[in-house]
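Dear colleague,

My notes on selected parts of it follow.

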Amino acid sequence: MQSETVLTGGLVVDGTGASARRADLVLRNGRITHVAAPGRTDTTTGTVVDIDGLVVAPGFIDMHAHSDLAILADPDHSAKVAQGITLEVLGQDGLGYAPVTDTTADELFECLAGWNGTPDLERDWRGIGAYLDRVDEGAPVNAAVLVPHGNVRTAVVGSADRPPTRAELDRMRDMVARGMSEGAQGLSSGLTYTPGMYATDDEIVALLAPVREVGGYYCPHHRNYGSRIVEAYQECLDVARNAQVSLHLAHCHVNFPRNQGRAPEVLDAIDEATVRYGLDVTLDSYPYGPSATCLAAPMPSWAQAGGTELILKRLRDPAIRARILHEIEDEGTDGNHGIPLDWESIVVTGVTAPHLSWAVGSSIADLAREHGRRPAELYADLLVADRLRSGCLLEVGNEENIRTIMRHGAHTGGSDGILVGGRPHPRGWGTFPRYLGHYVRELGVLTLEECVRHLTSRPAARLGLDDRGVVQVGSVADLVVFDPDTVAARATFEDPCRTPVGIEHVLLSGEFTVRNGRRTDRLPGRSVRRNGP
(Lines give C-alpha, C1' and ligand atoms only; values in the text may rest on other atoms or scores of the structure.)
Protein backbone atom coordinates (compact mmCIF):
# COMPACT_ATOMS: atom_id res chain seq x y z
CA MET A 1 0.00 0.00 0.00
CA GLN A 2 1.33 3.44 -0.97
CA SER A 3 1.86 5.87 1.92
CA GLU A 4 -0.16 9.04 2.19
CA THR A 5 1.06 12.29 0.64
CA VAL A 6 -0.34 15.71 1.55
CA LEU A 7 0.23 18.76 -0.66
CA THR A 8 -0.45 21.79 1.51
CA GLY A 9 -1.09 25.44 0.77
CA GLY A 10 -1.24 25.23 -3.00
CA LEU A 11 -3.43 27.19 -5.40
CA VAL A 12 -5.63 24.55 -7.05
CA VAL A 13 -6.39 25.10 -10.73
CA ASP A 14 -8.61 22.07 -11.05
CA GLY A 15 -8.86 21.68 -14.85
CA THR A 16 -12.55 22.57 -15.16
CA GLY A 17 -11.95 26.25 -15.94
CA ALA A 18 -13.20 27.26 -12.48
CA SER A 19 -11.37 30.01 -10.62
CA ALA A 20 -8.26 28.98 -8.72
CA ARG A 21 -8.70 28.30 -5.00
CA ARG A 22 -6.41 27.44 -2.13
CA ALA A 23 -6.70 23.88 -0.86
CA ASP A 24 -4.78 20.97 0.57
CA LEU A 25 -4.74 17.69 -1.35
CA VAL A 26 -4.47 14.26 0.25
CA LEU A 27 -3.21 11.46 -1.98
CA ARG A 28 -3.45 7.79 -1.06
CA ASN A 29 -3.05 4.62 -3.11
CA GLY A 30 -2.60 6.58 -6.31
CA ARG A 31 -5.75 8.70 -6.02
CA ILE A 32 -6.92 12.00 -4.56
CA THR A 33 -8.81 11.20 -1.36
CA HIS A 34 -9.40 14.72 0.01
CA VAL A 35 -9.53 18.27 -1.33
CA ALA A 36 -9.78 20.33 1.84
CA ALA A 37 -9.53 23.91 2.98
CA PRO A 38 -5.95 24.89 3.90
CA GLY A 39 -4.92 23.77 7.36
CA ARG A 40 -7.82 21.33 7.72
CA THR A 41 -5.71 18.32 6.80
CA ASP A 42 -3.50 16.36 9.19
CA THR A 43 -1.44 13.22 8.76
CA THR A 44 0.69 11.20 11.10
CA THR A 45 1.77 8.52 8.65
CA GLY A 46 2.46 10.30 5.38
CA THR A 47 4.62 12.89 3.71
CA VAL A 48 3.69 16.55 3.86
CA VAL A 49 4.90 18.76 1.01
CA ASP A 50 4.48 22.51 1.37
CA ILE A 51 3.53 24.05 -1.99
CA ASP A 52 2.55 27.49 -0.75
CA GLY A 53 2.77 30.02 -3.59
CA LEU A 54 2.60 27.31 -6.26
CA VAL A 55 -0.19 26.10 -8.51
CA VAL A 56 -1.28 22.46 -8.41
CA ALA A 57 -3.13 21.22 -11.48
CA PRO A 58 -3.96 17.92 -13.15
CA GLY A 59 -1.04 16.40 -15.04
CA PHE A 60 -0.82 17.58 -18.62
CA ILE A 61 -2.00 15.34 -21.46
CA ASP A 62 0.01 15.48 -24.67
CA MET A 63 -2.58 14.70 -27.32
CA HIS A 64 -0.03 14.34 -30.12
CA ALA A 65 3.23 12.64 -29.18
CA HIS A 66 5.94 10.72 -30.98
CA SER A 67 7.46 9.03 -27.93
CA ASP A 68 6.47 5.51 -28.99
CA LEU A 69 10.02 4.17 -28.56
CA ALA A 70 11.36 6.80 -26.18
CA ILE A 71 9.12 5.79 -23.28
CA LEU A 72 10.49 2.25 -23.55
CA ALA A 73 14.12 3.02 -24.37
CA ASP A 74 14.72 6.13 -22.20
CA PRO A 75 13.66 5.70 -18.56
CA ASP A 76 14.50 9.34 -17.84
CA HIS A 77 12.37 10.87 -20.61
CA SER A 78 12.85 14.33 -19.10
CA ALA A 79 11.87 15.96 -22.37
CA LYS A 80 8.26 15.22 -21.47
CA VAL A 81 8.29 14.45 -17.74
CA ALA A 82 9.91 17.79 -16.85
CA GLN A 83 7.10 19.62 -18.66
CA GLY A 84 4.50 18.17 -16.30
CA ILE A 85 3.22 15.69 -18.87
CA THR A 86 1.70 12.59 -17.31
CA LEU A 87 -0.02 11.03 -20.35
CA GLU A 88 1.02 10.88 -24.00
CA VAL A 89 -1.12 9.74 -26.93
CA LEU A 90 0.98 7.73 -29.40
CA GLY A 91 0.54 6.01 -32.77
CA GLN A 92 0.07 9.34 -34.50
CA ASP A 93 -0.04 10.44 -38.15
CA GLY A 94 -0.98 7.00 -39.40
CA LEU A 95 2.45 5.50 -38.67
CA GLY A 96 3.69 3.68 -35.59
CA TYR A 97 5.10 0.48 -34.17
CA ALA A 98 1.91 -1.54 -33.67
CA PRO A 99 0.23 -3.35 -35.18
CA VAL A 100 3.04 -4.82 -37.28
CA THR A 101 3.81 -8.18 -38.82
CA ASP A 102 7.06 -10.10 -38.98
CA THR A 103 7.42 -8.70 -42.50
CA THR A 104 6.59 -5.05 -41.79
CA ALA A 105 8.16 -4.53 -38.33
CA ASP A 106 11.67 -3.77 -39.59
CA GLU A 107 10.37 -1.80 -42.58
CA LEU A 108 8.42 0.57 -40.34
CA PHE A 109 11.30 0.84 -37.87
CA GLU A 110 13.48 2.00 -40.78
CA CYS A 111 10.77 4.28 -42.17
CA LEU A 112 10.24 6.06 -38.84
CA ALA A 113 13.91 6.57 -37.98
CA GLY A 114 13.66 10.29 -38.79
CA TRP A 115 10.92 10.66 -36.18
CA ASN A 116 12.04 8.27 -33.46
CA GLY A 117 15.63 7.25 -34.14
CA THR A 118 16.82 3.66 -33.99
CA PRO A 119 17.31 2.91 -30.29
CA ASP A 120 18.72 -0.41 -29.19
CA LEU A 121 15.46 -1.89 -28.01
CA GLU A 122 13.97 -5.36 -28.14
CA ARG A 123 10.90 -4.95 -30.34
CA ASP A 124 9.22 -8.26 -29.70
CA TRP A 125 5.61 -7.05 -29.79
CA ARG A 126 3.36 -7.17 -32.83
CA GLY A 127 -0.07 -5.98 -31.74
CA ILE A 128 -1.44 -2.98 -29.85
CA GLY A 129 -2.09 -5.07 -26.77
CA ALA A 130 1.45 -6.45 -26.63
CA TYR A 131 2.91 -2.97 -27.04
CA LEU A 132 0.77 -1.67 -24.17
CA ASP A 133 1.84 -4.67 -22.10
CA ARG A 134 5.44 -3.44 -22.49
CA VAL A 135 4.37 -0.03 -21.23
CA ASP A 136 2.78 -1.73 -18.23
CA GLU A 137 6.19 -3.05 -17.20
CA GLY A 138 6.96 0.50 -16.07
CA ALA A 139 7.31 3.77 -17.99
CA PRO A 140 8.13 7.40 -17.22
CA VAL A 141 4.64 8.54 -18.34
CA ASN A 142 1.28 6.97 -18.97
CA ALA A 143 0.57 6.07 -22.59
CA ALA A 144 -2.48 5.72 -24.79
CA VAL A 145 -2.26 4.67 -28.44
CA LEU A 146 -4.10 4.99 -31.71
CA VAL A 147 -4.22 2.36 -34.45
CA PRO A 148 -2.12 3.84 -37.28
CA HIS A 149 -3.85 3.46 -40.63
CA GLY A 150 -0.51 3.29 -42.47
CA ASN A 151 0.54 0.24 -40.45
CA VAL A 152 -2.68 -1.53 -41.33
CA ARG A 153 -2.42 -0.65 -45.01
CA THR A 154 1.25 -1.69 -45.16
CA ALA A 155 0.47 -5.06 -43.57
CA VAL A 156 -2.30 -5.85 -46.05
CA VAL A 157 -1.73 -3.85 -49.25
CA GLY A 158 1.95 -2.99 -48.93
CA SER A 159 3.34 0.40 -49.96
CA ALA A 160 1.83 0.40 -53.46
CA ASP A 161 -0.33 3.24 -54.77
CA ARG A 162 -3.54 1.28 -55.36
CA PRO A 163 -6.88 0.71 -53.66
CA PRO A 164 -7.39 -2.41 -51.56
CA THR A 165 -9.53 -5.22 -52.90
CA ARG A 166 -12.72 -6.00 -51.03
CA ALA A 167 -11.01 -8.92 -49.30
CA GLU A 168 -8.07 -6.72 -48.35
CA LEU A 169 -10.38 -4.05 -46.98
CA ASP A 170 -12.05 -6.69 -44.82
CA ARG A 171 -8.65 -7.77 -43.48
CA MET A 172 -7.72 -4.15 -42.75
CA ARG A 173 -10.99 -3.62 -40.92
CA ASP A 174 -10.33 -6.74 -38.85
CA MET A 175 -6.90 -5.39 -37.89
CA VAL A 176 -8.43 -2.11 -36.75
CA ALA A 177 -11.09 -3.99 -34.78
CA ARG A 178 -8.44 -6.07 -33.04
CA GLY A 179 -6.44 -2.97 -32.15
CA MET A 180 -9.52 -1.34 -30.69
CA SER A 181 -10.36 -4.47 -28.70
CA GLU A 182 -6.84 -4.43 -27.26
CA GLY A 183 -7.27 -0.91 -25.92
CA ALA A 184 -6.54 1.60 -28.70
CA GLN A 185 -8.30 4.96 -28.49
CA GLY A 186 -9.09 5.29 -32.19
CA LEU A 187 -7.65 5.39 -35.69
CA SER A 188 -4.97 7.83 -36.90
CA SER A 189 -4.16 8.55 -40.52
CA GLY A 190 -1.24 10.23 -42.28
CA LEU A 191 -2.75 11.46 -45.50
CA THR A 192 0.40 13.24 -46.70
CA TYR A 193 2.66 10.27 -45.88
CA THR A 194 3.02 6.94 -47.66
CA PRO A 195 1.06 4.76 -47.74
CA GLY A 196 -1.76 6.82 -46.17
CA MET A 197 -1.75 9.31 -49.04
CA TYR A 198 -2.93 6.52 -51.36
CA ALA A 199 -6.15 5.93 -49.40
CA THR A 200 -9.48 7.37 -50.48
CA ASP A 201 -11.88 8.91 -48.00
CA ASP A 202 -14.18 5.93 -48.57
CA GLU A 203 -11.42 3.59 -47.41
CA ILE A 204 -11.00 5.58 -44.20
CA VAL A 205 -14.75 5.61 -43.58
CA ALA A 206 -14.88 1.83 -43.95
CA LEU A 207 -12.02 1.33 -41.48
CA LEU A 208 -13.71 3.58 -38.93
CA ALA A 209 -16.63 1.16 -38.50
CA PRO A 210 -14.97 -0.81 -35.67
CA VAL A 211 -13.85 2.49 -34.11
CA ARG A 212 -17.46 3.67 -34.00
CA GLU A 213 -18.59 0.41 -32.40
CA VAL A 214 -16.47 1.01 -29.28
CA GLY A 215 -16.78 4.78 -29.06
CA GLY A 216 -13.30 5.66 -30.32
CA TYR A 217 -12.30 8.65 -32.41
CA TYR A 218 -10.63 9.51 -35.72
CA CYS A 219 -7.36 11.49 -35.66
CA PRO A 220 -6.22 12.54 -39.14
CA HIS A 221 -3.07 14.21 -40.35
CA HIS A 222 -5.07 15.64 -43.21
CA ARG A 223 -4.20 15.87 -46.87
CA ASN A 224 -3.19 19.48 -47.32
CA TYR A 225 -1.91 22.22 -45.02
CA GLY A 226 -1.16 24.61 -47.88
CA SER A 227 -2.97 25.26 -51.15
CA ARG A 228 -6.21 23.53 -50.07
CA ILE A 229 -6.17 24.11 -46.33
CA VAL A 230 -9.89 24.76 -45.76
CA GLU A 231 -10.99 22.04 -48.18
CA ALA A 232 -8.70 19.52 -46.48
CA TYR A 233 -10.13 20.23 -43.05
CA GLN A 234 -13.64 19.99 -44.51
CA GLU A 235 -12.78 16.56 -45.91
CA CYS A 236 -11.84 15.40 -42.40
CA LEU A 237 -15.13 16.71 -41.04
CA ASP A 238 -17.01 14.92 -43.81
CA VAL A 239 -15.20 11.63 -43.18
CA ALA A 240 -16.02 11.73 -39.47
CA ARG A 241 -19.64 12.63 -40.18
CA ASN A 242 -20.05 9.83 -42.73
CA ALA A 243 -18.38 7.35 -40.37
CA GLN A 244 -20.38 8.63 -37.39
CA VAL A 245 -17.34 8.96 -35.16
CA SER A 246 -15.84 11.72 -33.05
CA LEU A 247 -13.01 13.69 -34.64
CA HIS A 248 -9.74 14.99 -33.25
CA LEU A 249 -7.79 17.18 -35.68
CA ALA A 250 -4.08 16.57 -35.20
CA HIS A 251 -1.67 19.57 -35.15
CA CYS A 252 -4.46 21.84 -36.32
CA HIS A 253 -2.39 24.66 -37.79
CA VAL A 254 -3.11 26.98 -40.68
CA ASN A 255 0.34 27.33 -42.22
CA PHE A 256 2.17 28.96 -45.13
CA PRO A 257 2.20 32.68 -45.97
CA ARG A 258 -0.73 32.40 -48.36
CA ASN A 259 -2.96 31.27 -45.48
CA GLN A 260 -2.22 34.11 -43.09
CA GLY A 261 -5.43 35.17 -41.36
CA ARG A 262 -7.42 32.14 -42.55
CA ALA A 263 -7.69 30.31 -39.22
CA PRO A 264 -11.25 31.65 -38.69
CA GLU A 265 -12.35 29.91 -41.90
CA VAL A 266 -11.18 26.56 -40.53
CA LEU A 267 -12.75 27.19 -37.14
CA ASP A 268 -16.02 28.29 -38.74
CA ALA A 269 -16.15 24.98 -40.63
CA ILE A 270 -15.62 23.11 -37.36
CA ASP A 271 -18.32 25.13 -35.61
CA GLU A 272 -20.77 24.58 -38.45
CA ALA A 273 -20.21 20.81 -38.37
CA THR A 274 -20.70 20.83 -34.61
CA VAL A 275 -23.95 22.81 -34.74
CA ARG A 276 -25.49 21.44 -37.93
CA TYR A 277 -24.56 17.77 -37.61
CA GLY A 278 -23.81 17.37 -33.91
CA LEU A 279 -20.26 16.29 -34.75
CA ASP A 280 -18.00 15.96 -31.71
CA VAL A 281 -14.75 17.72 -32.66
CA THR A 282 -11.57 18.55 -30.77
CA LEU A 283 -8.17 19.62 -32.05
CA ASP A 284 -4.61 20.06 -30.83
CA SER A 285 -1.81 22.47 -31.60
CA TYR A 286 1.68 23.37 -30.46
CA PRO A 287 2.62 27.00 -29.72
CA TYR A 288 5.35 27.46 -32.34
CA GLY A 289 5.47 28.64 -35.95
CA PRO A 290 7.84 26.16 -37.61
CA SER A 291 6.74 22.57 -38.13
CA ALA A 292 8.90 19.44 -38.14
CA THR A 293 8.88 16.26 -40.19
CA CYS A 294 11.18 13.91 -42.09
CA LEU A 295 13.33 15.46 -44.80
CA ALA A 296 11.79 13.21 -47.46
CA ALA A 297 8.22 14.36 -46.73
CA PRO A 298 8.07 17.07 -49.47
CA MET A 299 8.65 14.51 -52.22
CA PRO A 300 5.65 13.73 -54.47
CA SER A 301 3.60 10.70 -53.50
CA TRP A 302 4.35 8.78 -56.68
CA ALA A 303 8.07 9.01 -55.88
CA GLN A 304 7.52 7.60 -52.38
CA ALA A 305 5.67 4.45 -53.43
CA GLY A 306 7.17 1.02 -52.89
CA GLY A 307 9.37 1.51 -49.83
CA THR A 308 12.88 2.74 -49.08
CA GLU A 309 14.86 0.88 -51.73
CA LEU A 310 12.58 1.92 -54.59
CA ILE A 311 12.60 5.54 -53.43
CA LEU A 312 16.40 5.55 -53.31
CA LYS A 313 16.55 3.95 -56.75
CA ARG A 314 14.42 6.78 -58.16
CA LEU A 315 16.62 9.41 -56.54
CA ARG A 316 19.71 7.81 -58.09
CA ASP A 317 18.20 7.80 -61.59
CA PRO A 318 19.08 11.19 -63.22
CA ALA A 319 15.87 11.49 -65.24
CA ILE A 320 13.54 10.51 -62.41
CA ARG A 321 15.47 12.69 -59.95
CA ALA A 322 15.07 15.67 -62.28
CA ARG A 323 11.32 15.11 -62.45
CA ILE A 324 11.06 14.82 -58.66
CA LEU A 325 13.04 17.99 -58.05
CA HIS A 326 11.13 19.94 -60.70
CA GLU A 327 7.85 19.07 -59.02
CA ILE A 328 9.21 19.98 -55.58
CA GLU A 329 10.68 23.31 -56.67
CA ASP A 330 8.34 24.54 -59.39
CA GLU A 331 4.95 22.85 -59.14
CA GLY A 332 4.33 22.08 -55.49
CA THR A 333 3.93 18.42 -54.59
CA ASP A 334 1.22 16.72 -52.58
CA GLY A 335 4.00 15.94 -50.10
CA ASN A 336 4.48 19.70 -49.61
CA HIS A 337 0.78 20.54 -49.61
CA GLY A 338 0.67 21.84 -53.17
CA ILE A 339 3.18 24.66 -52.57
CA PRO A 340 6.62 24.96 -54.25
CA LEU A 341 9.34 24.42 -51.67
CA ASP A 342 11.41 27.40 -50.55
CA TRP A 343 14.85 26.01 -49.76
CA GLU A 344 15.44 28.83 -47.27
CA SER A 345 12.55 27.50 -45.18
CA ILE A 346 13.73 23.90 -44.71
CA VAL A 347 16.34 23.30 -41.99
CA VAL A 348 18.03 19.95 -41.31
CA THR A 349 17.45 18.91 -37.69
CA GLY A 350 19.04 15.49 -37.58
CA VAL A 351 20.84 12.76 -39.50
CA THR A 352 21.63 9.17 -38.65
CA ALA A 353 24.88 8.88 -40.62
CA PRO A 354 27.68 10.51 -38.55
CA HIS A 355 29.56 11.73 -41.62
CA LEU A 356 26.57 13.95 -42.49
CA SER A 357 26.58 15.89 -39.21
CA TRP A 358 27.83 18.97 -41.09
CA ALA A 359 24.29 19.45 -42.41
CA VAL A 360 22.53 19.68 -39.04
CA GLY A 361 21.23 23.10 -38.03
CA SER A 362 21.42 24.74 -41.46
CA SER A 363 18.87 25.37 -44.18
CA ILE A 364 19.20 23.59 -47.50
CA ALA A 365 19.73 27.01 -49.11
CA ASP A 366 22.61 27.87 -46.74
CA LEU A 367 24.22 24.47 -47.23
CA ALA A 368 23.99 24.89 -51.00
CA ARG A 369 25.65 28.32 -50.84
CA GLU A 370 28.36 26.98 -48.57
CA HIS A 371 29.14 24.08 -50.90
CA GLY A 372 28.58 25.89 -54.19
CA ARG A 373 25.76 23.60 -55.25
CA ARG A 374 22.19 23.77 -56.47
CA PRO A 375 19.89 23.41 -53.40
CA ALA A 376 17.66 20.75 -54.97
CA GLU A 377 20.60 18.51 -55.87
CA LEU A 378 22.13 18.85 -52.41
CA TYR A 379 18.75 17.94 -50.92
CA ALA A 380 18.45 14.81 -53.06
CA ASP A 381 22.02 13.75 -52.30
CA LEU A 382 21.41 14.16 -48.59
CA LEU A 383 18.31 11.97 -48.77
CA VAL A 384 20.26 9.22 -50.50
CA ALA A 385 23.29 9.46 -48.23
CA ASP A 386 21.16 9.18 -45.07
CA ARG A 387 18.75 6.63 -46.55
CA LEU A 388 15.77 8.98 -46.03
CA ARG A 389 16.34 9.06 -42.27
CA SER A 390 17.03 12.78 -41.87
CA GLY A 391 14.67 15.16 -40.09
CA CYS A 392 13.86 18.80 -40.80
CA LEU A 393 12.08 21.97 -39.75
CA LEU A 394 9.77 23.83 -42.12
CA GLU A 395 9.38 27.53 -41.36
CA VAL A 396 5.76 27.93 -42.44
CA GLY A 397 3.75 29.10 -39.41
CA ASN A 398 1.60 32.18 -38.81
CA GLU A 399 1.53 33.64 -35.29
CA GLU A 400 -1.90 35.21 -35.77
CA ASN A 401 -3.36 31.83 -36.74
CA ILE A 402 -1.63 30.11 -33.81
CA ARG A 403 -3.25 32.47 -31.30
CA THR A 404 -6.66 32.28 -32.95
CA ILE A 405 -6.69 28.48 -32.86
CA MET A 406 -5.54 28.17 -29.25
CA ARG A 407 -8.47 30.32 -28.11
CA HIS A 408 -11.05 27.99 -29.63
CA GLY A 409 -13.29 25.96 -27.36
CA ALA A 410 -12.25 22.64 -28.93
CA HIS A 411 -8.52 23.24 -28.49
CA THR A 412 -6.12 20.94 -26.61
CA GLY A 413 -2.34 20.85 -26.34
CA GLY A 414 -0.15 18.53 -28.40
CA SER A 415 3.61 18.78 -28.67
CA ASP A 416 4.09 16.73 -31.86
CA GLY A 417 7.52 16.37 -30.30
CA ILE A 418 10.25 14.68 -32.30
CA LEU A 419 12.93 13.93 -29.73
CA VAL A 420 15.79 12.73 -31.94
CA GLY A 421 18.39 14.50 -34.06
CA GLY A 422 21.14 17.01 -33.39
CA ARG A 423 18.82 20.04 -33.49
CA PRO A 424 15.21 18.86 -33.10
CA HIS A 425 12.23 21.17 -32.79
CA PRO A 426 12.06 22.71 -29.28
CA ARG A 427 8.37 21.83 -29.03
CA GLY A 428 9.44 18.39 -27.77
CA TRP A 429 10.87 20.02 -24.62
CA GLY A 430 8.90 23.25 -24.37
CA THR A 431 5.28 23.07 -25.54
CA PHE A 432 3.44 23.00 -22.22
CA PRO A 433 5.54 25.50 -20.23
CA ARG A 434 5.49 27.78 -23.29
CA TYR A 435 1.71 27.83 -23.16
CA LEU A 436 1.81 28.71 -19.45
CA GLY A 437 4.68 31.18 -19.56
CA HIS A 438 4.50 32.91 -22.93
CA TYR A 439 0.85 32.75 -23.92
CA VAL A 440 -0.73 32.98 -20.44
CA ARG A 441 1.58 35.10 -18.28
CA GLU A 442 3.33 37.25 -20.89
CA LEU A 443 0.69 37.71 -23.61
CA GLY A 444 -2.59 36.98 -21.83
CA VAL A 445 -3.96 35.06 -24.82
CA LEU A 446 -5.56 32.61 -22.36
CA THR A 447 -6.25 32.84 -18.65
CA LEU A 448 -4.38 30.40 -16.45
CA GLU A 449 -7.57 28.51 -15.62
CA GLU A 450 -8.65 28.22 -19.25
CA CYS A 451 -5.19 27.16 -20.42
CA VAL A 452 -5.00 24.41 -17.80
CA ARG A 453 -8.43 23.23 -18.93
CA HIS A 454 -7.14 22.95 -22.51
CA LEU A 455 -4.19 20.85 -21.32
CA THR A 456 -6.06 18.55 -18.91
CA SER A 457 -9.81 17.98 -18.68
CA ARG A 458 -10.61 18.64 -22.33
CA PRO A 459 -8.16 16.00 -23.65
CA ALA A 460 -9.20 13.62 -20.85
CA ALA A 461 -12.79 13.93 -22.05
CA ARG A 462 -11.74 13.17 -25.63
CA LEU A 463 -10.06 10.00 -24.33
CA GLY A 464 -13.16 9.02 -22.36
CA LEU A 465 -11.35 9.33 -19.01
CA ASP A 466 -13.60 10.47 -16.18
CA ASP A 467 -10.99 9.97 -13.45
CA ARG A 468 -8.19 12.05 -14.94
CA GLY A 469 -7.76 15.63 -16.03
CA VAL A 470 -9.53 17.16 -13.00
CA VAL A 471 -8.45 17.72 -9.40
CA GLN A 472 -11.30 16.11 -7.50
CA VAL A 473 -11.83 13.37 -4.95
CA GLY A 474 -11.49 9.96 -6.59
CA SER A 475 -9.36 11.10 -9.51
CA VAL A 476 -6.05 9.44 -10.28
CA ALA A 477 -3.32 11.50 -8.61
CA ASP A 478 -1.59 12.58 -11.82
CA LEU A 479 -0.58 16.13 -10.87
CA VAL A 480 1.80 18.95 -11.75
CA VAL A 481 2.92 21.67 -9.34
CA PHE A 482 4.40 24.82 -10.88
CA ASP A 483 5.24 28.44 -10.13
CA PRO A 484 2.94 30.62 -12.24
CA ASP A 485 5.35 33.55 -11.98
CA THR A 486 8.39 31.73 -13.36
CA VAL A 487 7.22 28.74 -15.40
CA ALA A 488 8.74 29.00 -18.86
CA ALA A 489 10.21 26.98 -21.69
CA ARG A 490 14.00 27.23 -22.01
CA ALA A 491 14.19 25.15 -25.19
CA THR A 492 15.06 27.23 -28.25
CA PHE A 493 15.71 26.45 -31.89
CA GLU A 494 19.42 26.96 -31.25
CA ASP A 495 19.42 24.91 -28.02
CA PRO A 496 16.28 22.76 -28.20
CA CYS A 497 16.90 20.05 -25.61
CA ARG A 498 16.66 22.20 -22.47
CA THR A 499 14.11 21.36 -19.81
CA PRO A 500 11.83 24.13 -18.52
CA VAL A 501 11.96 26.19 -15.35
CA GLY A 502 9.24 26.69 -12.78
CA ILE A 503 7.85 23.13 -12.70
CA GLU A 504 8.61 21.93 -9.19
CA HIS A 505 6.81 18.61 -8.79
CA VAL A 506 5.18 16.05 -11.07
CA LEU A 507 3.26 13.07 -9.69
CA LEU A 508 2.04 10.00 -11.51
CA SER A 509 -0.51 7.94 -9.58
CA GLY A 510 0.71 9.73 -6.48
CA GLU A 511 4.40 8.95 -7.06
CA PHE A 512 6.88 11.77 -7.64
CA THR A 513 8.47 11.62 -11.08
CA VAL A 514 9.81 15.14 -10.52
CA ARG A 515 10.47 16.43 -7.01
CA ASN A 516 11.87 19.85 -6.22
CA GLY A 517 12.59 20.33 -9.89
CA ARG A 518 14.65 17.14 -10.27
CA ARG A 519 13.75 13.93 -12.08
CA THR A 520 13.38 10.97 -9.74
CA ASP A 521 14.04 7.37 -10.76
CA ARG A 522 10.39 6.31 -10.54
CA LEU A 523 8.62 4.63 -13.48
CA PRO A 524 4.96 4.49 -12.46
CA GLY A 525 3.64 5.05 -15.99
CA ARG A 526 1.17 2.50 -17.33
CA SER A 527 -1.06 2.03 -20.36
CA VAL A 528 -4.37 3.84 -20.61
CA ARG A 529 -6.69 1.61 -22.61
CA ARG A 530 -10.12 2.32 -24.00
CA ASN A 531 -12.61 -0.15 -22.61
CA GLY A 532 -15.57 0.63 -24.83
CA PRO A 533 -18.33 3.24 -25.05
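A residue is called buried here when its relative accessible area is under 20%. The model is a predicted one, and the values below should be read accordingly.

By that cut-off Gln304 counts as buried, because its relative accessible area is 8%. Apart from neighbours within four places in sequence, Gln304 has contacts with Thr194, Met197, Tyr198, Ala296, Ala297, Met299, Ile311 and Arg314.

Strand β14 belongs to an open sheet of three strands, arranged in the order β14-β16-β15 and paired antiparallel. The edges of the sheet are formed by β14 and β15 (346-350); each has a single partner strand, so one side of each has no neighbour in the sheet. On average, neighbouring strands in this sheet are turned by 35 degrees against each other, with direction ignored. Four bridges join β14 to β16 (residues 391-394) in the antiparallel sense. Cys294 has Gly391 of β16 as its bridge partner.

Helix α12, for its part, packs with α15 (residues 375-385): the two axes come within 10 Å and cross at roughly 145 degrees. This crossing of α12 and α15 is left-handed. From α12, the residues Leu312, Leu315 and Arg316 take part, and they meet Ala380, Leu383 and Val384 of α15. Sorted by class, the contact between α12 and α15 comprises five nonpolar residues, no polar ones and one charged residue.

I also examined a further helix, α10, which covers residues 229-243. Its 15 residues reach 22 Å from the first C-alpha to the last, close to the 21 Å expected at 1.5 Å a residue. Which residues of α10 are buried? They are Ile229, Val230, Ala232, Tyr233, Cys236, Leu237, Val239, Ala240 and Ala243. The cover over these buried residues of α10 includes the helices α8 (201-207), α9 (209-213) and α11 (263-277), together with the strands β11 (217-221), β12 (246-249) and β13 (281-285). Just after α10 comes Gln244, with a positive phi of about 60 degrees.

With kind regards

Key
Residues are numbered from 1 along each chain as its sequence is written. This is a predicted model: local features need pLDDT of at least 70, side-chain atom pairs count only at pLDDT 80 or more; totals for chains, interfaces and linings use all residues. Side-chain values use heavy atoms; hydrogens and water are left out. Helices (H or I, at least four residues) and strands (E, at least two) are DSSP runs, numbered from the N terminus. The expected span of a helix is 1.5 Å times one less than its number of residues. Buried means under 20% relative accessible area, exposed over 50%, partly exposed in between (1.4 Å probe, protein chains only). Contact means heavy atoms within 4.5 Å. Two strands pair if DSSP finds at least two bridges between them. Axes are lines fitted to C-alpha atoms, for helices over the stretch in contact, and angles run from 0 to 180 degrees between N-to-C directions. A crossing is left-handed if the near helix is turned anticlockwise from the far one by less than a right angle, and right-handed if clockwise. Ala, Val, Leu, Ile, Met, Phe, Trp, Tyr, Cys and Pro count as nonpolar, Asp, Glu, Lys and Arg as charged, and the others, Gly among them, as polar.
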